[in-house]
Amino acid sequence: FYLEYFRYLFKYSSNIDYLIFFQLSTYKLFYITLYKIVNKTGKVYAKLDIEPKELEKIEKKRRIRKILFQYLIKKIDLFSCETKECFDEIRENGFCNLNISDKLIHIQNGFDEEYLIENNIKVKKFEEKENIMITVGRIGTEEKNNEMLLKAINKIELKDWKIYIIGPYTEEFKEYYDDFIKSNSDKKDKVILVGNIEDKNLLYDYYNKAKIFLLTSRWEGFAIVYPEALRFGNYIITTEVGGAKDITDNGKIGVITEIENEEQYKHEILKVINEEINLKEKYNQSLKWSEENFLWNNIVKHEKFKEFFTGEN
């Protein structure tokens, strides 16, 4: 698998103006070194997709791996952080004991507004939405911790609310879900395991109808589902992972719970069901926050980002 990458880079590096990586790892050092040898004018961009806990792990790497990481970092021409928290941390304290502030930018994950226009998708008014909560992702993986959602809603009265669990799921989670439904027969038609949706229009229809977006992860860099949920005015209930503070404006337009705190998460869901949250107000705030901060056509206008890829100031 890795050998194929080397073959490709050896053959085509001279035709590649920009080599882009997501996340850093030691083996990518060899790809970048080969690329720079073959294409001496080529540039490397690393989208870090990192959260504060990962920064701590990098700083604690053993000496040899740290030296390799430092060599890798020196070879990269531009870095971007998705979260403001990580951006500030690296800018102030360095990255693997190196000062990279001159080639570091904050580029959050965004939403493609042009897709809505091209596909004639209109964001529903709040009054047109339904009492629906959704979660979207790779269901059942360790980092997503979807089991916590089922634990949180176990035995509680959902009233007229429905929850849709969307994404490819593991067999283990399917078994967990089936057991949950057996123990909560009243939720058979209210908590629905949808599975994978490849049609983006259909996926966006779920976001569009929903009022609430749920994320229970143990860790994230900056989940793509965040700006998607925000763009459709979903009130976001999330654990305190990478991007949670950015997307909720530090908890002002969404709510952040402790990671793996099932009772706290349950409490926030009950607040929605019991109408203790002004969801219409949060809807309007979410749309405004999305427009101001999380649309790709605005994000890519970042001066240093634009200069790097176009040579224009």
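How many bridges join strand 1 to strand 2, and do these strands run parallel or antiparallel? The close-up views below, taken from a predicted model, begin with this pairing.

**View A. Pairing of strand 1 with strand 2.** Strand 1, which covers residues 18–22, runs parallel to strand 2 and is joined to it by five bridges; within this pairing, isoleucine 20 has tyrosine 45 of strand 2 as its bridge partner.

**View B. Strand 2 and its pairing with strand 3.** Strand 2 (residues 43–47) is mostly covered, with four of its five residues buried. Three bridges connect strand 2 to strand 3 (residues 78–81), and these two strands run parallel; here the bridge partner of tyrosine 45 is leucine 78.

View C. Isoleucine 76 lies in the loop between helix 4 (63–75) and strand 3, and it counts as buried because its relative accessible area is 2%, under the 20% cut-off. Leaving aside residues up to four places away in sequence, isoleucine 76 touches Leu24, Ile32, Val44, Ala46 and Lys103. Leucine 19 is 57 residues apart from isoleucine 76 in sequence, while their C-alpha atoms are 9.5 Å apart in space.

**View D. A nonpolar surface patch that includes tyrosine 2.** Tyr2, Tyr5, Tyr27 and Phe30 together make a nonpolar surface patch of about 410 Å². Tyrosine 2 belongs to helix 1 (residues 2–12), and it counts as partly exposed because its relative accessibility is 44%, a value between the limits of 20% and 50%.

Notes. Residues are numbered from 1 along each chain as its sequence is written. This is a predicted model: local features need pLDDT of at least 70, side-chain atom pairs count only at pLDDT 80 or more; totals for chains, interfaces and linings use all residues. Side-chain values use heavy atoms; hydrogens and water are left out. Patches are made of residues with over 30% relative accessible area and no salt bridge: like charges are joined within 9 Å, nonpolar side chains (Val, Leu, Ile, Met, Phe, Trp, Tyr) within 5 Å. Accessible areas come from the Shrake-Rupley method with a 1.4 Å probe; for residues, only the protein chains shown count as cover. A salt bridge is a side-chain nitrogen of Lys or Arg within 4 Å of a carboxyl oxygen of Asp or Glu. Buried means under 20% relative accessible area, exposed over 50%, partly exposed in between (1.4 Å probe, protein chains only). Two strands pair if DSSP finds at least two bridges between them. Contact means heavy atoms within 4.5 Å.
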